[in-house]
Amino acid sequence: MNAKLRRSALYVPGNDPSMIQNAGIFGSDCIVLDLEDAVSIEEKDSARLLVRNALKSIDYGDTEVIIRINSLYTPFGREDLEIIGRVHPDGIRLPKTESAKDIKQVDRILAQIETEEGFEKNSIKIMPTIESAVGLFNVFEIVKASKRITLINFGAEDYTADIGAERTREGKELFQIRTRILLAARVAGIQIQDSVFSHVRDIEGLIKETKFIKQLGFDGKSVIHPTQIEPVHQVFTPTREEIILANRIISAIEEAKKKKSGVISLDGRMIDAPVVTKAKRILKYAQAAGII
Amino acid sequence: MKDQIKLGQAGTLESSDVLVFVHFSPQQKGRKIELESPSEKCFGKIIIQQIEKTLDSLDIENIYLKAQDRGALDCTICARVEAAVNRALKNKGEVGQ
């Protein structure tokens with residue numbers, strides 16, 4: 001699994017210059033400049049140029065910059081990809097992904113752009129969004145359709161509308177999609193972010209949901225307002241006890257390596273590769289939170 | 001003659017944006033650019049330069065353009081000018097899309 005930190009992805013409307021120019025200051029790990037649902041049909045052309053120019057001239061520092069293009073099944077998706085690809089975003093978030101064919105089409109276009117522009121091969125990542133029953137059914141082939149895929153997420157609103165579920169704050173209706181795409185993500189060795197929590201003022205609800213998805217194994221969550229970033233990061237910040245144990249595990253395994261022993265025990269518990277992977281992950285989250 | 005007049009508009013009057021209106025007509029010779037901006041005294045020349053640069057890149061020689069700036073960055077000014085010109089060249093006599 002790639003180890004880049006993607007605890008939060010802040011959606012930013014693609015036709016709002018003020019929000020676009022300030023998007024990097026809120027501390028989210030990723031920002032998603034949105035050309036899809038946040039932009040009206042009449043403004044698609046103008047937003048596309050605005051986002052292209054922002055990518056060329058605004059320095060977002062270490063924040064990963066992802067562009068949510070329109071679906072390739074709309075009249076806008078292809079042109080979004082052609083124009084945005086040439087200014088090299090870190091990633092393309094592909095909404096309403098339903099099959100491996102969708103991914104392969106985007107992959108081909110990006111490969112051509114990379115060749116023409118002299119970009120490193122496969123350097124523009126693809127991040128599919130699953131938002132339908134068909135997409136969920138095909139998710140295992142979707143995640144393996146391109147080497148560019150580093151992350152998958154899902155859209156709760158469209159998905160529940162498609163399958164006929166009632167969308168609740170509690171989110172029981174999302175258990176199936178969360179666990180299935182999580183499994184697909186782990187099979188493919190990619191990361192997974194949760195859908196947004198739409199009730200912006202309900203921070204307690206956001207924390208509860210984020211704790212739940214972290215427990216399931218998710219790597220992060222999409223957010224729709226800057227005030228949601230900090231609570232999400234807090235949930236993904238390890239406790240003091242977790243950090244101490246992780247450090248002891250890393251020290252123990254390094255000691256074992258010196259003695260040329262593959263497996264060791266710590267406090268009577270076997271320490272092997274998966275335990276070390278988890279410990280490293282905890283320390284990475286702690287470093288990102290600035291607490292070690 | 002109506003089909004030779006082309007109008008386009010892009011952007012908004014929101015903070016950090018700029019509303020750009022363009023007008024192409026056979027009578028227009030050269031570029032006529034009008035700017036309204038709260039920071040016109042300090043940045044007026046630079047904003048006009050950005051607009052000129054964008055029109056150069058689009059090979060536009062004859063145009064009337066009005067920009068109502070609300071503190072837009074260069075990247076926003078260029079994007080809105082390009083969008084307004086694109087819209088005008090696709091349209092015949094109507095503002096916007």
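I started with a pair in the sheet of chain B: E34(B) stands opposite K66(B), which sits in β4(B). This is a predicted model, so I keep that in mind throughout.

Next I checked how the two strands run. β3(B) and β4(B), residues 63-69, are parallel and share six bridges. I then traced the whole sheet, which is open, has four strands in the order β1-β2-β4-β3 (chain B) and shows mixed pairing. From one strand to the next, the twist averages 10°. What lies across β3 and β4 of chain B? I found helix α1 (residues 40-57) of chain B there, running at about 145° to β3(B).

Over to chain A, for a helix pair. The axes of α11 (residues 240-258) and α12 (residues 273-288) of chain A come within 9 Å and cross at roughly 130°, which makes α11(A) oblique to α12(A). I noted the crossing of these two helices as left-handed. Among the residues in contact are I243(A), A246(A) and I250(A) from α11(A), with V276(A), A279(A) and L283(A) from α12(A). By class, this contact has eleven nonpolar residues, no polar ones and one charged.

Last, I turned to where the chains meet. Chain A gives 13 residues to the contact and chain B gives 17. On the chain A side, α1 (17-22) and α2 (44-57) each supply at least two residues, and α2(A) has the largest share with eight. I sorted that side of chain A into five nonpolar, five polar and three charged residues.

Notes: Residues are numbered from 1 along each chain as its sequence is written. Chains are lettered from A and ligands numbered from 1 in the order in which they are written. This is a predicted model: local features need pLDDT of at least 70, side-chain atom pairs count only at pLDDT 80 or more; totals for chains, interfaces and linings use all residues. Two residues are in contact if their C-beta atoms, placed from the backbone, lie within 7 Å. Ala, Val, Leu, Ile, Met, Phe, Trp, Tyr, Cys and Pro count as nonpolar, Asp, Glu, Lys and Arg as charged, and the others, Gly among them, as polar. Axes are lines fitted to C-alpha atoms, for helices over the stretch in contact, and angles run from 0 to 180 degrees between N-to-C directions. Angles under 35 degrees count as roughly parallel, over 145 as roughly antiparallel, 65 to 115 as roughly perpendicular and the rest as oblique. A crossing is left-handed if the near helix is turned anticlockwise from the far one by less than a right angle, and right-handed if clockwise. Two strands pair if DSSP finds at least two bridges between them.
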